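Visitor: Please show me how to read this structure. I am new to it.

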Amino acid sequence: MTAELLIEQFLNGLQFGFMLFLMSAGLTLIFGVMGLINLAHGSLYMIGAFSAAATFAFFNSFWLSLLASFSCAAIVGIIVEKTIIRKLYNRDHLDQVLVTFALILFFSELVRWIFGAFPLYLDVPELLNGSIEIFSGIYYSKYRLFIIFVGLIIAIFLFFLIGKTNLGIQIRAGQHDREMISALGVDISKLYTLLFGVGAALAGLAGALIGTIQSVEVGMGEPILILAFVIIVIGGIGSIKGAFIASLLVGVVDTLGRFLIPWVLQTVTNPSDAMSIGSAIGSMLIYILMAIILILKPTGLYGKQLS
Amino acid sequence: MFKIINLVLSIVLLFTSSAFADGHKLKVGMITTLSGGGSGLGIDVRDGFMLAVRSSKDIEVVIEDDQRKPDIAVQLADKMIQSEKVDVLTGIIWSNLAMAVVPAAVNQGKFYLSPNAGPSALAGKGCHENYFNVAWQNDNLHEAAGGHANSTGFKNTFILAPNYPAGKDALTGFKRYFKGNLAGEIYTKLGQTDYAVEIAQIRASNADSVFFFLPGGMGIGFMKQYAQSGIEIPVVGPAFSFDQGILKAVGDAALGVKNTSQWSKDLDNKANKKFVSDFQNEYGRLPSLYASQGYDTGRLLISAMAKASVNDMEAFRDALRSADFDSTRGQFRFSSNHHPIQNIYVREVIKEGDTLTNKIVSVGLKDHSNAYVDQCSM
């Protein structure tokens, strides 16, 4: 194994982490501020990818399809919040799980009904095709660098939004004391709608970015959703900073684990066994990571301390 | 949370189950993947099967969706056997699901006709007189790919497949025929769609070729990312990642790739021509190899019903074994462990107008059986 390969795998881990951040940022805000468990977050990811693919088929433009992904997901998110989610804020988590699970089924069937069960096509634009030499001897996919770049921009944008703006102050206040902030004259239901829309837009954007190099198909959101929940638990529910750190941590640990564990095992057993045992352990790794972190810090890395 | 999901699913199942009363017909229970990832495969098998049996008034089909989950497939099989009282089960796409359902079903005196999954465990020691595979034994297409890699002159191949029974069969099958070195061997996670890690390893491996078995959406992700990475090492694989259902999603990245299949749209025989045109008329799309397997399964069933009643198990089994039907693959017969003996072709992905599709370039393995015949004592 060479240093170049290790660095490339580390970059892959970072890229995966940034992608996970786009998913988990929205989820953790919605969960943390609004107290809502939104299982349908994966559906918004899927809606983003499908609206991007449909736009791409029509206009043949990657950038337009990116625009379509987050705007469609945001619009759908806002409609869903106004019609359904809104009624769930005062209900317990069980009701929220049931309703948002129903939304998963509903959106999956709706998308299948509109687009059919076969995967759609979405491709990387010419500008981002191929790879680029970042250091001497290290080539990395331009598109994956682009995903890292978008992830960074979104992260900076969110930190600025939460930390420096009026809206951010309201969001943080809402996290601490919902009743007090509405007593102070902030229209909490408007705030919630906006927040849900932002979360949906981020999920939709992630769907389009990832759908471009993977497959755009019904049910693509659920595997990502599980990882996103792992991340917000590791990071501490409601914390953007926690989601950011945990995303990168999970991305890098998962990627390097999948790559290094079989390689280490090869020194003690034959390649075939090392591969199958290694890949089994590799896929458990992030859950082991989650267990360890929760033992050390029961509320996650940046979660509110239990009183 | 999962308790709740289970509860919800049971309620859903409760409402979708239907009760039939007619006892004279042959009743088929089809368990296949109709939702979520991989549903394109199940839908093709179902549509192919229904196309074959639509004209038969004596066949009644109950169709259920396994969602690619073994536990759900087992529940559905129990329900179909105990309350629906089906005679024949069919439909399962994935080998891990087949391993969970088939042994129990055939031991309860039901016939199982597999339109896809053909795990080695069910071909060798675990073979059963009531289990017939109409598609292939899992290793078959990969064996042909190994042979093709030899004849192309590949000496150092990087191989990868998902970590589940069919993935293991795939790499075993490839290695059985491939004579060169392995530049690397990787098992990926089933359902994985990002292959950055594996592609980086391929780039660093000095391989002269790549063999991969990644069915459904997994293969779409791999091919797109591979093309995008700029690596120009040729790939070879079984038909599953270059099939009609997903070629459109893979796009031009697939153009020119050689893949191995027991069936192709351009196979020149009467049954196939009728199948391809009927399928297009009925569903408005080109058939895939999964559809051809579903169709052949239906045709086999009809041919057996013409010879014997399903109530006479011995006679019905003999009728199935004789495989007296015109397969879309031309020549078709069963080996002693009830798996097809058939040609495996090498196809190439081409463009017909704007449509990506496959054409046959050569016969990879002629009258090919499987490696597990001797292990089956039936």
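Visitor: How does α12(B) pass α13(B)?

Guide: The model is predicted; local features need pLDDT of at least 70, side-chain atom pairs count only at pLDDT 80 or more, and totals for chains, interfaces and linings use all residues. Residues are numbered from 1 along each chain as its sequence is written, while chains are lettered from A and ligands numbered from 1 in the order in which they are written. Now the crossing: α12(B) passes α13(B) right-handed. Right-handed means the near helix is turned clockwise from the far one by less than a right angle; anticlockwise is left-handed. Helices here are DSSP runs (H or I, at least four residues), and strands are E runs of at least two, numbered from the N terminus.

Visitor: What describes two packed helices?

Guide: The angle between their axes and the distance between the axes. Helix α12 (residues 289–307) of chain B and helix α13 (residues 313–322) of chain B pack at about 135°, axes 8 Å apart. α12(B) is therefore oblique to α13(B). Oblique is what remains after under 35 degrees (roughly parallel), over 145 (roughly antiparallel) and 65 to 115 (roughly perpendicular). Axes are lines fitted to C-alpha atoms, for helices over the stretch in contact; angles run from 0 to 180 degrees between N-to-C directions.

Visitor: How many residues does the contact of chain B with chain A take?

Guide: It takes 36 residues from chain B and 43 residues from chain A. On the side of chain B, α9(B) gives the most, with seven residues.

Definitions and conventions
Two residues are in contact if their C-beta atoms, placed from the backbone, lie within 7 Å.
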